[in-house]
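The following note concerns the charged side-chain contacts of the structure shown below. Its points are set out in numbered order.

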Amino acid sequence: MILLGLDPGLGTTGWGVISAEGNRLSHVANGQIRTEPGMQLPRRLTLLFEALGAVIRTYQPGGAAVEEVLGNSNAQSTLKLGQARGVVLLAAATAGVAIGEYHPSIVKKAVVGTGGADKKQIQAMMAHLLPGAKLAGPDAADALAVAITHAHHLASARALARRVIPS
């Protein structure tokens with residue numbers, strides 16, 4: 001199954017595509033979508049939507065996962081991040097892709113082993129888990145981590161569904 005991971009941001013949205021076959025994960029592609037701060041907000045959101053649509057059409061993911069938004073002390077920044085996240089969700093939903101959502105600490109714990117991991121630790125684990133992958137940047141690495149987290153959760157759900165619980 002092809003999975004798309006997304007790390008939303010108004011300035012930079014990371015995306016990562018992996019292939020998951022059983023427990024075997026492999027890198028397909030990754031990148032970052034950037035918008036210019038000087039552009040009007042509606043134009044930035046439109047560019048993000050269109051670029052994500054192109055990624056989805058190119059890789060035809062069977063599922064997608066999006067990192068949840070963490071609030072911060074700047075309400076305006078949090079609001080803009082939430083708007084970008086909404087566009088990311090809309091792009092995947094419009095394409096008919098099923099979406100999972102994960103808190104950043106869940107993603108960090110799934111790929112690094114601790115919910116407090118930093119970006120450098122995530123990048124190091126991506127090099128280990130997806131050997132040979134050339135990362136487009138830290139947001140792309142985060143997006144690949146989201147995709148891997150989703151792959152693990154889907155595999156666990158399938159394993160649970162196969163279990164027969166005696167009555």
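1. A salt bridge is taken here as a side-chain nitrogen of Lys or Arg within 4 Å of a carboxyl oxygen of Asp or Glu. The model is predicted: local features require pLDDT of at least 70 and side-chain atom pairs pLDDT 80 or more, whereas totals for chains, interfaces and linings use all residues. Numbering runs from 1 along each chain as its sequence is written, and side-chain values use heavy atoms, with hydrogens and water left out.

2. Over the whole structure, 3 salt bridges are found. Lys119 forms one of them with Asp142, with the closest N and O atoms 2.3 Å apart. Because Lys119 belongs to helix H4 and Asp142 to helix H5, this pair ties together parts 23 residues apart in sequence (helices, H or I of at least four residues, and strands, E of at least two, are DSSP runs numbered from the N terminus).

3. Lys119 also meets Asp139 in a salt bridge, at 3.8 Å from N to O. Asp139 lies in helix H5 (residues 138–162) and Lys119 in helix H4 (residues 119–129), so parts 20 residues apart in sequence are joined.

4. Regarding accessibility (buried, under 20% relative accessible area; exposed, over 50%; partly exposed, in between; 1.4 Å probe, protein chains only), Asp142 is buried at 6% and Asp139 is buried at 18%. Lys119 is partly exposed at 38%.

5. Arg85 and Glu101 form a salt bridge of 2.2 Å, N to O. Arg85 is in helix H2 (residues 75–94) and Glu101 in strand S5 (residues 99–102), so the pair ties together parts 16 residues apart in sequence. Arg85 is buried at 12%, whereas Glu101 is partly exposed at 40%.
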